[in-house]
Amino acid sequence: MAVRDALRQLLDGLKPLDLDVEEAGTVELVMAEALNNIVEHAYPEGDTSGPIRISCEHAKDGLHLTVVDAGRAMPDGRTPVGAAADLDVDFCDMPEGGFGWFLIKDLAKDVTYQRHDMENHLRMRLAVALS
């Protein structure tokens, strides 16, 4: 529920940019994937939950987003590759998940991750609300 609330607040805060439906959908999808990954992996069940901070800056080349959390670090200190899943299989063999990083890296530009002072910093640029 906190992810849904954060997405609503983010989109409400972006209203002055007058994003079209497709742009707003891109922001919502990318951020939902990023936030759900944090909830599921950085703060997995049984661990203490913690804060997630989202900041954004509008520039000529789009919307620059930074997501910071104090959860577990990314394995190997980097984001997953995010390869597309093989969908040329029987329906019962279709993967249930694993699309998140593919979607993030497909829709966002300049995706970077750093672990700094016991915090995860995920930065990305979305080519929306271009000036």
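Me: Which residue stands opposite Q114 in β4?

Reply: Begin with the terms: helices (H or I, at least four residues) and strands (E, at least two) are DSSP runs, numbered from the N terminus, and two strands pair if DSSP finds at least two bridges between them. Here Q114 stands opposite H121 in β4. Strand β3 (residues 109-116) and β4 run antiparallel and are joined by six bridges. In their hairpin, which has two residues between the strands, D117 takes a positive phi near 50 degrees.

Me: What kind of model am I looking at, and how are its residues numbered?

Reply: The model is predicted: local features need pLDDT of at least 70, side-chain atom pairs count only at pLDDT 80 or more, and totals for chains, interfaces and linings use all residues. Residues are numbered from 1 along each chain as its sequence is written, and side-chain values use heavy atoms, with hydrogens and water left out.

Me: Is H121 buried or exposed?

Reply: Buried means under 20% relative accessible area, exposed over 50%, and partly exposed in between (1.4 Å probe, protein chains only). H121, found in strand β4, counts as buried because its relative accessibility is 11%. A contact means heavy atoms within 4.5 Å. Not counting residues up to four places away in sequence, H121 touches V67, V68, T112, Y113, Q114 and H116.

Me: How many of the eight residues of β4 are buried?

Reply: Seven of them are, so β4 is largely enclosed by the rest of the structure. Over the chain of 131 residues, buried ones make up 33%.

Me: What does the side chain of R125 reach?

Reply: A polar contact is a pair of N or O atoms within 3.5 Å; within protein, one must be able to donate a hydrogen and the other to accept it, and residues adjacent in sequence count only if both atoms are side-chain atoms. The side chain of R125 reaches the backbone oxygen of D61 at 2.9 Å. R125 lies in strand β4 (residues 119-126) and is buried because its relative accessibility is 16%. Leaving out residues up to four places away in sequence, R125 touches D61, L63, H64, A108, K109 and D110.

Me: Which strands does β2 pair with?

Reply: Strand β2 (residues 62-69) pairs with β4 in the antiparallel sense over seven bridges, and N120 in β4 is the bridge partner of D69. Strand β1 (residues 52-59) also pairs with β2 in the antiparallel sense, over eight bridges. In that pair, E57 has H64 of β2 as its bridge partner, and a hairpin joins β1 to β2 through two residues.

Me: How much space lies in the largest pocket?

Reply: Rolling a probe the size of a water molecule over the atoms shows where empty space is left. On a 1 Å grid over the protein atoms alone, using a 1.4 Å probe, a pocket is an open set of points with protein on both sides within 12 Å along at least five of seven lines; lining residues have an atom within 4 Å of a point. Grid points are joined across faces, edges and corners, and a volume is the space filled by probe spheres set on the points. The largest pocket holds about 290 Å³ of space. Among its 16 lining residues, the closest to its centre are N37, H41, A42, M74 and W101.

Me: Which element supplies the largest share of that lining?

Reply: α2 does, with five residues.
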